[in-house]
Structure formats: C-alpha cells, structure tokens
Amino acid sequence: MTLTPVLTDTWDKDRSWRLATYERAGGYGGLKKALRMEPAEIVQAVKDSGLRGRGGAGFPTGMKWGFLPPPDGGPRYLVVNADESEPGTCKDIPLMLASPQHLIEGVAITSFAIGCDHAFIYVRGEVLHVYRRLLSAVEEAYRAGYLGKNIQGSGFDLDVTVHAGAGAYICGEETALLDSLEGLRGQPRLKPPFPAVAGLYARPTVVNNVESIASVPAIVANGADWFASMGTEKSQGHGLFSLSGHVTRPGQYEAPLGITLRELLDLSGGIRAGHELKFWTPGGSSTPIFTQEHLDTPLDYESVGAAGSMLGTRALQIFDETVCVVRAVSRWTDFYAHESCGKCTPCREGTYWLKQVLHRIEAGEGAEGDLELLLDLCDNILGKAFCALGDGAVSPITSSIEHFRDEYQAHIDGHGCPFDPSASALFPYTPKTRTPGALTGAGAGGH
Amino acid sequence: MTAEPVEQPTTKTRYDAETLASLTTDATAIMARYPDPRSGLLPMLHLVQSVDGYVSRDGILFCAEMLGITAAEVSAVATFYTQYKRHPNGTYTVGVCTNTLCAVMGGDAIFDELSEHLGVGHDETTPDGAITLERVECNAACDYAPVVMVNWEFFDNQTPESATALADKLILGEDVVPTRGAASVCSFKQMSRVLAGFPDGRADEGVGAGAPTLAGLQIARERGWTAPEASAAGDADGAAGQTSPPVGTPGSSAERKPATASDASVGKDKKPGEDAK
C-alpha cells in the first residue's frame with residue numbers, strides 16, 4: 001500500500017501555513033465549488049464519501065450533519081474539536097501548525113452545508129504557536145474574502161472564533177467541550193439530547209474533529225468517489241497514522257485506512273535497532289493494547305474492532321521489549337485519574353483506586369489478589385461511567401493483564417519491577433533514587 | 001433567602017484605575033466574540049493571568065463583575081483547568097511530559113534531573129521566580145519524544161543535558177528558541193495574553209513542521225507516491241457522487257497488489273479480525 005498525501009501534501013512547502021501557499025496548491029477550490037452547490041448536495045457528498053469521524057469514535061461525518069433538525073430560523077453552530085489530548089495522538093496539532101488553512105476551508109464549507117454563520121475552533125491551550133497560527137489563518141481568510149460577509153459574492157456570511165482551552169483532557173469529549181466553550185467547568189452532559197439537537201447554547205450543533213473537517217475540502221473538490229477510492233469497503237479514505245515510540249523514524253504517515261502496522265514499520269525503518277516489538281496502541285492509550293500478533297491487522301475501524309481494540313485516532317505508540325508494561329499502564333492510569341472530571345462516581349473513585357493498586361504493584365508491594373482486584377474495579381467502571389473516559393481508563397489495564405498477566409505477577413512475586421527503566425530511554429542515564437512523593441505530581445495536581 | 005444585593009457602584013477589585021480600565025477594555029472585546037458573553041470566561045482568566053501572573057483574588061472578582069456572576073462561580077471554573085495557576089507562576093513554565101510514552105523514552109529521567117538541578121518539585125517555582133517546574137500530560141508531540149514545553153512552546157527530542165542547559169539559560173534571562181514555535185519564548189504573562197485571543201504578531205516565526213511531521217511525506221516524495229488523481233474519480237464537475245463505489249474498485253484494499261515484502265510473506269493466511277479472541 002502506498003502513502004497518499006492529501007492533508008500533508010503542502011506541509012513541506014516554504015511558509016506552508018500561509019494562505020498564499022495554500023492557494024497555490026489549489027486551496028479554496030473546494031469552497032468555491034461548494035458555494036455553487038446546494039447545501040444538501042454537500043452533505044450528501046460527504047455521506048457518500050464514507051468519511052467517518054477522525055477524532056476517535058469513527059461516526060460517519062455526513063450522517064452527523066444530517067441529524068440536525070430542519071432550520072427554524074435560529075442559529076446553528078459548527079464547533080471544531082481541536083482539543084487533541086489523547087495520549088499518543090499527535091496529528092491535529094502538526095496539521096494546524098503546518099497548514100491551518102486546510103482546516104479553515106473545511107470550516108467554511110461545512111458551515112455553508114449545515115447553515116451555520118458562526119463557527120468555533122476549540123483548540124487546547126497548551127500549544128501556543130498553534131493558536132497563533134490559527135488566529136493568523138482566520139485573519140488571512142477574512143482579508144481574502146473566504147470568511148466574513150458575503151463570502152465570494154455568494155451571500156453566505158460566516159464568522160469564525162478560535163477559542164483556547166485551559167488544560168483539561170475531558171474537554172475532548174464533545175459535550176464537555178461545549179460546556180467549556182460556554183464558560184463552565186468542562187464536564188460531559190447527559191445524552192440525549194445530542195448536540196445535533198441541543199448543543200452550544202442549546203442550539204443545533206455539529207462537533208467534528210480537526211482532521212475530519214480538514215478532509216472535507218478535497219472531498220468536495222474531487223468528489224466522493226475519489227475519497228472512497230482509498231481505504232477499505234467500510235473505512236474509506238485517507239488518514240494520518242502517527243507513529244511514536246521505539247521506531248526508527250517516528251512521525252506522521254498519511255495512508256489509506258486499512259494499512260497495517262507491519263507496512264508502516266517497513267516505511268518507518270522498523271523497531272529501533274537491536275530491539276523487537278512488545279506492545280502497541282492502535283489508537284491512543286484508551287484503545288486496548290495490541291502485540292506482535294496484530295502486526296497484520298488492517299488498521300481500519302472494522303478490523304481493529306474485530307481484533308478486540310479500536311482504531312481510535314490512529315495513534316500508534318510503539319513499545320519495545322525493554323518497556324515494563326506495568327509501568328506503562330500505571331502511568332496511563334495516573335493520567336486518567338488526573339483527568340477524571342469528577343462528575344460521576346465510578347470514574348472519579350474508580351480511577352483513584354486503580355492508581356493506588358497499580359502504584360503498589362509497580363513498587364513491588366502488590367498483594368496476592370491484586371490483579372483480581374484491578375479487574376473487579378475495571379468491571380465497576382466499564383460501561384458504568386458517565387462518558388467514555390471511564391471506559392478508556394480500563395482499556396489499557398484489562399488488555400495488558402490479558403496479554404501480560406505473567407509480568408504483573410512477577411512484580412508481585414518478586415516484590416519489585418524486573419525492568420531497568422534506563423534501557424527504554426533514548427539516552428543512557430542512571431536512574432535516581434526517587435524520594436517519597438517524587439511521584440506525587442503524576443496525577444496529583446489539578447482537579 | 002437573602003436580600004437582593006445592592007448594586008455596587010465601584011469594583012471590589014484592588015486594581016489601580018489604569019489597569020482596571022485596560023482590563024475592562026480587553027474583557028469587553030473578549031465577550032463580544034461570543035453570542036453569550038459567559039463564553040468569554042476562559043479567555044478572561046487567561047487575560048487575568050497576563051496581568052497578575054496567576055488567577056488572583058482580584059482577577060476572580062474582576063471576571064465575576066464583568067459577567068455578572070458570583071466569585072464562587074468563577075472560582076469553580078478557574079480551579080477546574082490546570083493552566084490556571086493558583087499561585088504566582090514563574091516567568092517560565094517548564095513542563096516535562098511524563099505521560100507514558102515520553103516517560104519511558106526518557107521523560108522521567110529529564111524530570112528527575114531538572115527537579116534535582118533546580119531544587120523544586122512538580123508545580124513549584126524556583127526562589128528567583130524564573131521557573132515553575134511541572135509534569136505535564138501528553139502534549140500531542142509523541143513523534144518528538146521526549147518533549148519539554150516552555151511556556152507551551154515545543155522543545156522536541158530532549159535529554160537531561162539539553163533540558164538543564166535550557167533551564168540555565170532561562171534563569172540567566174537569555175532567549176531560548178523552541179524547536180517548533182516562535183523565534184524565542186515569551187514570558188508567562190505575554191503567553192497568557194495571546195491565549196486570551198490577542199495576537200502578538202509572531203505567527204510567521206519559526207518552522208511549519210519538524211522532520212517527524214514530514215516523515216511520511218518525504219517517503220511519498222522519494223517514491224513518487226501521490227493520492228489518486230481527482231479526474232480518475234470522474235466527479236470533478238460538481239455533481240457530488242450519488243453512489244458509493246462497490247468493494248473491489250481500484251484503490252480499495254481488496255484489490256491492492258502486494259507492495260512490500262511483508263505483503264507477500266507474512267500473515268497472508270489471516271483474515272481481518274482473525275486475531276480476535
């Protein structure tokens with residue numbers, strides 16, 4: 001399978017982030033074409049393309065747009081979820097740094113298609129230069145008449161507001177994002193009603209991921225069939241695959257859905273020299289881990305799901321044999337405990353206790369029965385939490401116990417971790433003796 | 001029930017007149033960006049940090065007065081988000097990613113080294129007020145691990161040595177240059193003003209992408225790989241496709257020919273999903 005640069009195609013150009021660079025590469029051709037179409041035609045084209053949400057859930061994008069009730073004369077909103085924070089996920093941030101106009105054009109087309117005249121881009125606050133680039137891109141687009149009043153003489157008006165978050169993973173959950181955008185604590189809302197019916201300011205709202213929206217201009221410009229000619233039967237199109245960890249050349253690889261990790265490793269120079277693959281995440285830390293067994297699993301929504309995980313955000317975090325799976329999972333659990341918003345009991349209390357148990361196993365103080373305790377805790381969170389954060393928190397634990405139960409047991413039986421953490425690092429170092437409380441920062445701050 | 005509060009003619013904040021006037025002007029501009037002014041609260045808290053260096057008591061009162069909500073309501077929001085600081089922040093926040101991937105690649109070692117070198121722990125500030133050290137969560141730069149953020153600008157592929165050298169420069173007040181970001185790192189207060197939505201005119205500084213961001217594109221260029229031609233789809237005239245292509249159309253994985261050695265040699269006896277338990 002060959003790589004298919006679409007979103008990445010302009011990233012190596014001089015001043016790739018500027019509007020002029022984007023226009024020279026054919027940018028805004030999609031918008032010009034869209035403005036001559038009926039909005040319903042655009043929605044249909046996106047449905048036909050098979051584009052599914054690139055933010056992790058994989059819900060068909062056009063269908064999401066189609067859920068909006070008929071216009072009632074009041075406002076309807078597009079909110080772009082640019083709160084990329086899932087551990088391992090690193091595609092939207094480089095996209096917005098290198099080519100923010102790709103996203104802005106997608107915002108303009110989508111807004112026209114769904115009848116929105118004020119769109120929002122909610123970007124996490126921890127990426128200063130990305131926020132600068134987005135603000136500047138919006139300004140350039142206004143000046144060129146791609147945003148603002150009577151866009152390209154079409155009579156269509158659109159304002160775009162770029163909004164910086166302030167550090168909270170949960171705001172990547174679409175209803176928490178909406179609460180945050182309304183100036184509240186970022187806590188998920190009960191669904192239904194779904195945002196399509198009652199979203200931002202209780203008005204019909206579409207919330208889409210950056211990569212999903214950035215994929216729209218080429219679909220409109222080149223046609224649904226063009227997009228669907230890439231990928232598999234049910235997972236169509238191109239996607240950014242983000243390789244990180246113990247690979248020779250980590251980075252962004254834009255390929256048709258359905259490519260395998262083996263193929264991607266071939267392209268990226270393989271596992272770092274002298275080492276072998278131990279475990280990996282197909283779509284971020286919230287997706288159950290895979291092992292060598294899954295090297296040939298096609299990375300599309302169906303195949304990854306059938307193999308027991310989720311395609312998620314195609315965040316392929318690669319860990320070689322030097323990595324202690326207990327340490328990896330324990331740290332992810334710190335993250336979920338830190339980021340649990342506190343709204344529901346199973347997640348708030350459950351992640352807290354998961355963290356305690358994992359810390360003691362990691363420190364060699366685990367007791368017989370701790371693995372059963374962990375699994376029991378997981379069972380009390382999975383499917384019982386208010387939003388998907390709780391489900392995500394248990395994924396690495398249950399999947400790693402399934403694949404590496406012996407390694408957990410060795411920590412308990414041997415009263416310590418059998419791994420040398422410095423062997424996993426990219427540079428030699430002598431681990432320092434941690435003072436009690438040295439770990440307190442991990443997952444102890446914030447809310 | 002308590003009595004209706006009496007309208008306060010003056011502010012409860014202790015800002016001097018000039019600061020208050022300037023804050024009011026900026027906050028008014030922020031609120032005007034949104035259909036509902038309350039949406040301006042997050043940027044307004046960034047604005048407060050740009051003046052006070054943290055979310056101060058006065059800053060909370062100011063936001064409450066501007067939005068006509070209670071100080072408790074503002075505090076509830078301010079304490080939810082990790083970027084809002086409850087104590088005066090250093091001129092620079094140095095954040096070491098210690099989420100799993102960066103941690104195992106060396107982030108833990110970097111944090112420990114920095115912590116020892118600076119004599120402070122997580123969320124603590126050096127006595128000179130230069131650096132607030134933090135463990136940070138995944139910052140979407142995993143292909144550049146281990147990552148350090150200084151005032152939320154990217155310092156990619158760090159080592160304990162590069163990170164301590166970076167910290168030393170910050171303490172001496174020297175400019176430091178992010179790997180992917182502006183030409184130099186601005187102060188915490190300046191950063192906070194940008195995050196409140198007031199551009200500093202530096203968007204064109206720095207690179208568009210680092211090498212890992214371009215890794216796949218570079219291979220595609222070398223091998224002459226491109227996305228399918230638009231015309232091949234026969235849908236360039238504006239009539240949006242009415243049908244989805246059947247399985248097995250050119251380009252679908254069902255029809256693809258072996259392209260790499262692994263296609264031909266490994267796993268060909270497996271169907272998708274066969275690895276499922």
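The paragraphs below lead through a predicted model, going from the contact between its chains to the domains, sheets and helices within them.

Chain A and chain B meet in a contact that takes 122 residues from chain A and 105 residues from chain B. On the side of chain A that touches chain B, the largest share comes from helix α7 (residues 128-143) of chain A, which supplies seven residues. Sorted by class, that side of chain A has 52 nonpolar, 45 polar and 25 charged residues.

Within chain A, the domain assignment gives domain 1 (8-228), domain 2 (238-320) and domain 3 (325-423). The centres of domain 2 and domain 3 of chain A, taken over C-alpha atoms, are separated by 23 Å, and the contact takes eight residues from domain 2 of chain A and nine residues from domain 3 of chain A. The side of domain 2 of chain A that touches domain 3 of chain A has four nonpolar, four polar and no charged residues.

Six bridges join β2(A) to strand β1 (residues 77-82) of chain A, and the two run parallel; here V80(A) stands opposite I121(A). β2(A) also pairs with strand β3 (residues 159-164) of chain A, again in the parallel sense and over six bridges, with H163(A) in β3(A) as the bridge partner of Y122(A). Five of the six residues of β2(A) are buried, so this strand is largely enclosed by the rest of the structure.

Helix α6 (residues 100-114) of chain A is likewise mostly covered, since 15 of its 15 residues are buried. Just after α6(A), G115(A) takes a positive phi of about 75°.

Elsewhere in chain A, five strands form an open sheet in the order β6-β5-β9-β7-β8, with mixed pairing. Because β6 (251-256) and β8 (290-291) of chain A each have a single partner strand, they stand at the edges, and one side of each is left without a neighbour in the sheet. Strand β7 (residues 277-281) of chain A pairs with β8(A) in the antiparallel sense over two bridges, and the bridge partner of F279(A) in β8(A) is T291(A).

Turning to chain B, an open sheet of five strands has the order β2-β3-β1-β4-β5, and its pairing is mixed. Its edge strands are β2 (124-125) and β5 (153-155) of chain B, each of which pairs on one side only. Strand β1 (residues 92-97) and strand β3 (residues 131-136) of chain B pair in the parallel sense over six bridges, and in β3(B) the bridge partner of G95(B) is E134(B). Helix α5 (residues 100-118) of chain B packs on this sheet, where it touches β1, β3 and β4 (148-150) of chain B, and its direction makes about 140° with that of β1(B).

One residue of chain B deserves a separate look. A167(B) is found in helix α6 (residues 160-172) of chain B, and it counts as buried because 23 C-beta neighbours lie inside 10 Å. Leaving aside neighbours within four places in sequence, A167(B) is in contact with V94(B), L114(B), H117(B), L118(B) and I131(B). The C-alpha atoms of A167(B) and G107(B), which are 60 residues apart along the chain, are separated by 15 Å.

How values were computed:
Residues are numbered from 1 along each chain as its sequence is written. Chains are lettered from A and ligands numbered from 1 in the order in which they are written. This is a predicted model: local features need pLDDT of at least 70, side-chain atom pairs count only at pLDDT 80 or more; totals for chains, interfaces and linings use all residues. Helices (H or I, at least four residues) and strands (E, at least two) are DSSP runs, numbered from the N terminus. A residue is buried if 20 or more other C-beta atoms lie within 10 Å of its own, exposed if 12 or fewer, and partly exposed in between; C-beta atoms are placed from the backbone. Two residues are in contact if their C-beta atoms, placed from the backbone, lie within 7 Å. Two strands pair if DSSP finds at least two bridges between them. Axes are lines fitted to C-alpha atoms, for helices over the stretch in contact, and angles run from 0 to 180 degrees between N-to-C directions. Domain bounds come from an automatic or database domain assignment. Ala, Val, Leu, Ile, Met, Phe, Trp, Tyr, Cys and Pro count as nonpolar, Asp, Glu, Lys and Arg as charged, and the others, Gly among them, as polar.
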